[in-house]
Amino acid sequence: MFMKLTEDYKENTMNFYDINAKVNYKITDNDNLFVSFFIGRDNMGLEDLVSMKWGNIASTLRWYHRFNEKLHSNTSLILSSYISDNSMEILDMHNSIDTHIRKYGVREDLTWSAYNRHTVKLGFESTYNDLKSAEWNLHNYREKERRYTWELFMDQEDWKATDNLTVSAGLRLNAFSALGGSPYYRLDANGDIIETMEYKRGDFVKTYLVLEPRASLNYSLNPNQSLKAGYSRTSQNIHALRIQNMSLPMDRYTMSSNNIKPQTADQFSLGYVALTGKQTYEFSVEGYYKSIRNVLDYKDGKSFNSEIEIERIILAGKGRSYGMEMYARKNRGTFTGWVSYTLSWSDNKIPGINNDRWYTAGNDRRHDISVVGMYELPRGWQMAATWVYNTGQALTAPSAKYVINGETVYYYAERNGYRAPDYHRLDISATHTKVKKNGISGSGPSDCTMLTAATILLLSLLRMTIPNLREAKLYKPPCSVLFLRSLIVSNSNCYEQ
């Protein structure tokens, strides 16, 4: 907003917003209705040269019903949508690329308290996915890849407790089906298409079934100290492909298909929790190790716009993630909050990439720090502040360059061998909550993001760069734009469905 008031930056756009809304309504003593809504948007533009827009919408309608003292249910209707729309002008030609992920689902959860210290949970969820991997208009050449899938979850969990030991075990069945309505392909070893297969809208193309067991133990050493251990298997059918050499919202997405298997992971964890005498303070430390199968990444020399058929430019391999999390929280008093620190490593090893060696994954965040403080004020007001710091995104950059016959050739020593600048953000919010007699409660948050010095650095770099862009009429992203998400402070809120 304030950029419009300056002479140097008035033609540029840089804004972002998040909106949260929740309504709870008590129908009867046994029935409650909950509605939640979230929308977030980020917009960035460099005069008439570059425009980037991305954001999320999520909404949930949940009905809680209590059958009796031991049995209750939650029935939910879920809608979510992610969009990304980017465009730029190159040599007086308009170029654009956009993508979306839309999910429509219904979920049912039953909780049965069989008897004292024994609870059984059952549930299922059915979701229809609509994913547009990319639709682009490059040099007046238009292409689009869009797929549809259906996913079903069936879940069971059994919880038991003794005086010192709490045991929770569960099993989830994930059934995922790729649906017709768009082309599917058979590929050779080089990624070339050898057959195109057309299916009617709604036809089942390929179905995967994955069992996901999980278990956790919590052993009380005394009333204020405990040890915990856990194991879980998870699967994922929507896959994100991140650009290796820049930090922009141009990631592409794809889903499991006849060529892509679900990503599965096994995680083991061990931790320790301690509380002070009156449980005012809580401290914990936990270590974990995760083994991942069917990790996807771009082939060497390929990027998001190399082919519209994304399956042609990716390879699959394995991954690993391990680290330690430390946490301290103040639970009581007018002032509450917590501090957390995570030290972690995430690596991939994919045949055909990085000379078949392990390399840092694009989602690796070596250091992650969060500091949250909340202060209760009279008359339903609450002030809160959140500071977040994490290591910059791993990315691929040239290690050297050579000039051969007048042509510049870049040499890349390893995948993701460099990092964007570290990222930090400070958010301040004021929230007012009012409960009415008819059972409706409402809250209105007001957020203010404190900009860091990195934002000033970005604006200075843009000032130096834009004249050169206009003179050349050719857009080559400067480093300030490549690291946009690391330098710009974004207002980000969490919401609970």
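1. Asp297 is found in strand S16. In this predicted model, Asp297 has a relative accessible area of 8% and is therefore classed as buried, the cut-off being under 20%. Its side chain makes a polar contact of 3.2 Å with the side chain of Arg415. Apart from neighbours within four places in sequence, the residues in contact with Asp297 are Leu241, Gln244, Ile313, Ile314, Leu315, Ile350, Ile353, Tyr359 and Arg415.

2. The strand that carries Asp297, S16, spans residues 281–298 and is joined to strand S15 (residues 263–275) by twelve bridges, the two running antiparallel. Within this pairing, Gly287 of S16 stands opposite Leu270. The hairpin of S15 and S16 has five residues between the strands, and Gln279 takes a positive phi near 60 degrees there.

3. S16 also pairs with strand S17 (residues 314–330), again in the antiparallel sense, over 17 bridges.

4. Glu145 lies in strand S7, residues 141–161. With a relative accessible area of 9%, Glu145 is buried, because the value falls under 20%. Glu145 and Glu135 are separated by ten residues in sequence, and their C-alpha atoms are 6.4 Å apart.

5. The surroundings of Glu145 may be described as follows. Leaving aside neighbours within four places in sequence, Glu145 is in contact with Leu131, Lys132, Ser133, Ala134, Tyr185, Arg252, Ile308, Glu309 and Ile310. For Ile310, the backbone nitrogen lies 3.5 Å from a polar atom of the Glu145 side chain.

6. On the surface, a nonpolar patch is formed by Phe335, Val339, Val371, Tyr375, Leu377, Trp381, Met383, Trp387, Leu426 and Ile428, which together have about 810 Å² of accessible area. Two or more residues of the patch come from each of strand S18 (335–349), strand S20 (367–376), strand S21 (381–390) and strand S26 (423–435). S21 provides the largest share, three residues.

7. Which strand holds Leu426, a member of the patch? Leu426 is found in S26. Its relative accessible area is 30%, so Leu426 is partly exposed, a class that lies between the limits of 20% and 50%.

Conventions
Residues numbered from 1 in each chain as written. Predicted model: local features only at pLDDT ≥ 70, side-chain atom pairs only at ≥ 80, totals over all residues. Heavy atoms only, no water. Patch = residues over 30% accessible without salt bridge, like charges linked within 9 Å, V, L, I, M, F, W, Y side chains within 5 Å. Areas by Shrake-Rupley, 256 points an atom, 1.4 Å probe, with all protein chains shown as cover. Salt bridge = Lys/Arg side-chain N within 4 Å of Asp/Glu carboxyl O. Helix = DSSP H or I, 4+ residues; strand = E, 2+ residues; numbered from the N terminus. Buried < 20%, exposed > 50% of the residue type's maximum accessible area, 1.4 Å probe, protein only. Pairing = 2+ DSSP bridges. Contact = heavy atoms within 4.5 Å. Polar contact = N/O pair within 3.5 Å; in protein donor to acceptor, adjacent residues only side chain to side chain.
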